[in-house]
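Here's a quick briefing on the fold you're about to look at.

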Amino acid sequence: MSVEQLTNPQIDVWSTETILDRTLSVWDPRSECRFVVARPSDEPTLWEEYLEGALAGYRKYGAEKALEYRRIQAGDTTALFFVAIDPKGSVAAGVRAQGPYLVADQAHAITEWGTDPGAPAVRRMIEDRLPFGVVEAKGAWVSDTAARRGELVGALGRIATFSMDLLDVQFMLATAASHVLDTWRTTGGVVADHIAPVPYPDDRYETRLMWWDRSRRRGRAESMQLAQLLLTTSRPTPSAGIATGTGGNVVRPMRSVS
């Protein structure tokens, strides 16, 4: 499946405000972890645990340059982040989202392609989608010691797509090394095959551009999980346990891309 090329995007002014006004959570039976989503400023302790796990994971592969720890540490470049909390109360995985973007240069993918011949195509794809809303998933990691690591990897990618709903955008992009592409495809991600990979953060990796489209129908299980996420409230200390409650945000309808 190829990524659609948009020819007549709607022109609009996009807001960077998030509709996430509280910490949310949802239980994932496949990974047996509870996922928590929040803004860094709302959950500073969880944010620090996310950063620690990300730094350890990236450093293990000598790829901490790609994490840009110092730049993201304050949390002001992150719209929201997800962490998976295992039955012991430890943070076992995480990912963060940047955006919604107003201009293509805000996307880290622009930096990754740099002066590569594929850079104009990357920019064009992002600019075509900006009127419909674009966020970027970054800093994904999963602990090597997770009890159900395979299930957790899939769950992290699947639940990360909920950032499109929480930030009310139609598209999510991510850059991924070739060895994880098959995993992200199972979550609805589509590789931009017409754009050649780049050696980022160094020559050991082939990094590809991927897209998710919120308008593509999710499975029933994922839709129910998203509904449960939107209807939760949290206790003051999520890492100690999340209580399921009532209430929630109403997500605005998507724009059409046809």
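## Pockets first

The lining of the largest pocket draws at least two residues from each of α1, α2 (64-67), β5 (134-142), α6, β6 (171-177), α8 (181-185) and β8 (207-213). Helices (H or I, at least four residues) and strands (E, at least two) are DSSP runs, numbered from the N terminus. Bear in mind that this is a predicted model: local features need pLDDT of at least 70, side-chain atom pairs count only at pLDDT 80 or more, and totals for chains, interfaces and linings use all residues. Residues are numbered from 1 along each chain as its sequence is written, and side-chain values use heavy atoms, with hydrogens and water left out.

**Largest pocket**

- Its volume comes to about 1000 Å³, where a volume is the space filled by probe spheres set on grid points joined across faces, edges and corners.
- A pocket here is an open set of points on a 1 Å grid over the protein atoms alone, where a 1.4 Å probe fits, with protein on both sides within 12 Å along at least five of seven lines; lining residues have an atom within 4 Å of a point.
- There are 39 lining residues, and Tyr 58, Ala 140, Trp 141, His 179 and Val 180 are the closest to the centre.
- By type, the lining splits into 24 nonpolar, ten polar and five charged residues; Ala, Val, Leu, Ile, Met, Phe, Trp, Tyr, Cys and Pro count as nonpolar, Asp, Glu, Lys and Arg as charged, and the others, Gly among them, as polar.

**Second largest pocket**

- This one has a volume of about 290 Å³.
- Of its 17 lining residues, Thr 186, Thr 187, Gly 188, Arg 218 and Glu 222 sit nearest the centre.
- α6 and β8 each supply at least two residues of this lining.
- The lining of the second largest pocket has three nonpolar, six polar and eight charged residues.
- Glu 222 belongs to helix α9 (residues 220-230).
- Glu 222 counts as buried because its relative accessibility is 16%, and buried means under 20% relative accessible area (1.4 Å probe, protein chains only).
- Leaving out neighbours within four places in sequence, Glu 222 is in contact (heavy atoms within 4.5 Å) with Arg 30, Arg 158 and Phe 162.

**Nonpolar cores**

- The largest nonpolar core has 43 residues, and Tyr 50, Val 122, Ile 126, Ile 195, Leu 209 and Trp 211 touch the most other members.
- Helix α1 (residues 44-60) gives the most to this core, seven residues.
- Apart from it lies another core, of 40 residues, including Phe 35, Val 142, Ile 159 and Val 191.
- A core of this kind is a set of buried Ala, Val, Leu, Ile, Met, Phe, Trp, Tyr and Cys residues joined through side-chain atoms within 4.5 Å.
- Not counting residues up to four places away in sequence, Ile 195 touches Trp 113, Gly 118, Ala 121, Val 122, Met 125, Arg 208 and Leu 209.

- In helix α5 (residues 119-129), the buried residues include Ala 121, Val 122, Met 125 and Ile 126.
- The buried residues of α5 pack against α4 (108-113), β5, β6 and β8.
- Helix α6 (residues 149-160) is mostly covered, with nine of its twelve residues buried.
- Arg 158 and Ile 159 are among the buried residues of α6.

**Whole chain**

- The protein chain has nine helices and eight strands.
- Buried residues make up 53% of its 258 residues.

How values were computed:
Buried < 20%, exposed > 50% of the residue type's maximum accessible area, 1.4 Å probe, protein only. Expected span 1.5 Å × (residues − 1).
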